[in-house]
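Subject: Handover of a protein structure

Dear colleague,

Please find below the structure that I am handing over to you. My notes on what was found in it follow directly after.

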Amino acid sequence: QILLIDTNMPAMFDGMKLAAVATVLYVIVRCLNLKSPTAPPDLTYQDTTLNHFLLKSCPILTKEYIPPLLWGKSGHLQTALYGKLGRVSSPHPFGLRKYLPMQDGATATFDLFEPLADHQSGEDVTMVICPGIGNHSEKHYIRTFVDYSQKQGYRCAVLNHLGALPNIELTSPRMFTYGCTWEFAAMVGFIKKTYPQSKLIVVGFSLGGNIVCKFLGENRTNQERVLCCVSVCQGYSALRAQETFLQWDQCRRFYNFLMADNMKKIILSHRGALFGGGSTKMVDADLSRLYTATSLMQIDDNIMRKFHGHNSLKEYYEKESCVHYIHNINVPLLLVNSGDDPLVHNSLLTIPRTLAEKKENVIFALTLHGGHLGFFEGAVLFPQPLTWMDKVIVGYANAICQWEKQKPPCQSQENNATR
């Protein structure tokens with residue numbers, strides 16, 4: 001009997017090893033979402049001549065987006081890689097930093113990058129770019145996109161969110177907020193004045209997408225000389241998003257904590273300008289509440305809304321969200337989101353989908369994968385520096401420029417009148 005037990009022990013241990021390996025493989029397959037298929041983006045748009053032309057001229061929107069095989073189908077890993085690295089082997093485009101004084105004493109800054117080639121249309125075209133939350137022109141994903149755009153013949157102007165650059169001091173007790181368009185408007189105004197023949201392509205990433213859509217929808221004159229607008233991975237309504245950011249679904253509450261921690265660091269790096277020097281907007285109590293904040297909502301309620309005198313968090317989110325302005329945009333508008341973006345809840349995507357169903361100038365593209373501003377491409381393990389997102393924006397912009405060049409003059413005058 002003892003011998004029987006001894007001979008069965010190795011088999012039992014082998015079974016346990018196989019079970020452990022099977023469990024690990026199951027967890028890996030589930031976590032990495034390896035069984036998920038690849039597919040072209042799900043497109044919502046109206047049946048118009050312009051939209052058919054754009055989709056034909058920008059075929060990347062109708063082809064499969066294929067992420068890296070081993071990890072690219074995980075929205076968390078796509079988001080984490082973007083957040084940690086931004087991009088791999090990012091270039092270093094040369095630009096000139098511009099400083100613009102604002103009426104309230106703040107100083108807006110943006111970086112200007114001249115084109116490195118002639119544009120295929122023969123026209124002067126400038127991309128005016130608004131980065132994501134707390135970002136600026138020195139971020140890797142911005143540098144990669146700018147370098148690619150320059151080589152395609154675009155001038156690029158990149159807004160540095162007020163307070164985001166670590167080496168630029170604030171000159172007033174105010175920094176960037178979720179939907180303040182003042183600095184972006186100042187940059188666009190500078191470009192229009194300095195380059196009177198240049199047409200504009202408006203581009204916004206994440207929070208920047210909210211800002212550019214709000215800017216264009218606030219006033220029809222803001223759409224003058226604008227050829228199109230592209231927004232990537234924005235959430236459209238901060239008021240509707242705040243509840244989802246407190247949920248643990250897709251680890252959203254954890255991401256909320258990480259972003260809040262980053263916002264605290266940015267605010268505290270400017271504590272002298274924001275909380276000292278006789279500032280009437282901020283007091284010591286606000287600073288003490290900032291230290292204990294664990295979510296963006298707490299920071300927005302105690303700090304951010306006060307920059308513009310909003311009475312409540314609800315009022316702040318309502319007035320700073322582009323959802324109330326985006327329907328006023330008449331130029332061609334491409335809205336891009338990812339279905340596995342852990343920061344943007346799927347319920348928010350009814351906003352761009354409904355807009356594309358109602359307005360003929362809007363295309364809404366929803367990918368299966370890509371995470372938040374990831375959209376990496378690559379064979380198996382290592383991603384390429386240039387992403388699907390970079391190619392889509394430039395491809396769509398090229399298609400718009402091509403449409404503008406070949407369409408009948410009467411149609412051009414008609415479109416300019418509506419803008």
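I begin with Asn262, which is part of helix H8, the helix made of residues 252-268. Please bear in mind throughout that the model is predicted. With a relative accessibility of 37%, Asn262 counts as partly exposed, because burial requires a value under 20% and exposure a value over 50%. Its C-alpha atom is 9.8 Å from that of Leu296, although 34 residues of sequence separate Asn262 and Leu296.

The chain as a whole

The protein chain has 419 residues, of which 54% count as buried. Its secondary structure consists of 15 helices and nine strands. Among the contacts with a separation of 6 or more, 78% are between residues 24 or more positions apart.

The annotated active site

Which residues does the UniProt annotation "active site" cover? According to that record, an unreviewed entry, they are Ser206, Asp341 and His372. These residues span 167 positions in sequence, but no two of their C-alpha atoms are more than 11.0 Å apart, so they gather at one spot.

Ser206 sits in the loop that runs between strand S6 (199-205) and helix H6 (207-218). Its relative accessibility is 13%, and Ser206 therefore counts as buried. Beyond its neighbours within four places in sequence, Ser206 is in contact with Gly132, Val232, Cys233, Gln234, His372 and Leu373.

Asp341 is located in another loop, between strand S8 (333-338) and helix H13 (350-358). Asp341 is buried too, with a relative accessible area of 4%. When residues up to four places away in sequence are left out, Asp341 touches Cys233, Gly371 and His372.

Helix H4 (residues 140-151) packs against helix H14 (residues 388-406), with an angle of about 35° and a distance of 10 Å between the axes. The crossing of H4 and H14 is right-handed. On the H4 side, the residues that meet H14 are Thr144, Phe145, Tyr148 and Ser149; their partners in H14 are Asp390, Lys391, Ile393 and Val394. By type, the residues of this contact comprise four nonpolar, two polar and two charged.

Asn135, in the loop between S4 and H4

Asn135 lies in the loop that links strand S4 (125-130) to H4. Is Asn135 buried or exposed? At 8% relative accessibility, Asn135 counts as buried. The side chain of Asn135 makes two polar contacts of note: one with the side chain of Tyr141, at 2.8 Å, and one with the side chain of Tyr82, at 3.5 Å. Setting aside residues up to four places away in sequence, Asn135 touches Tyr82, Tyr141, Asn160, His161 and Ala164.

Thr177 belongs to the loop between strand S5 (155-160) and helix H5 (182-194). With a relative accessible area of 1%, Thr177 is buried. Its side chain forms a polar contact of 3.0 Å with the side chain of Glu320, and also reaches the backbone nitrogen of Cys180 at 3.4 Å. Apart from residues up to four places away in sequence, Thr177 touches Leu207, Ile211, Met304, Phe307, His308, Tyr316 and Glu320.

Arg305 is in the loop between helix H11 (296-302) and helix H12 (313-320). Arg305 counts as buried, at 14% relative accessibility. Which backbone oxygen does the side chain of Arg305 reach at 2.6 Å? That atom belongs to His310; the side chain of Arg305 also reaches the backbone oxygen of Asn311, at 3.5 Å. Residues up to four places away in sequence again being excluded, Arg305 touches Asp300, His310, Asn311, Ser312, Leu313 and Tyr316. Tyr316 is therefore listed as a contact of Arg305 as well as of Thr177, where contact means heavy atoms within 4.5 Å. Finally, Arg305 and Tyr178 are 127 residues apart in sequence, while their C-alpha atoms are 9.3 Å apart in space.

Yours sincerely,

A colleague

Technical notes: Residues numbered from 1 in each chain as written. Predicted model: local features only at pLDDT ≥ 70, side-chain atom pairs only at ≥ 80, totals over all residues. Heavy atoms only, no water. UniProt positions renumbered as here; feature names shortened; annotations may be inferred. Helix = DSSP H or I, 4+ residues; strand = E, 2+ residues; numbered from the N terminus. Buried < 20%, exposed > 50% of the residue type's maximum accessible area, 1.4 Å probe, protein only. Axes fitted to C-alpha atoms, helices over the stretch in contact; angles between N-to-C directions. Left-handed = near helix turned anticlockwise from the far one by under 90°. Nonpolar A, V, L, I, M, F, W, Y, C, P; charged D, E, K, R; others polar. Polar contact = N/O pair within 3.5 Å; in protein donor to acceptor, adjacent residues only side chain to side chain.
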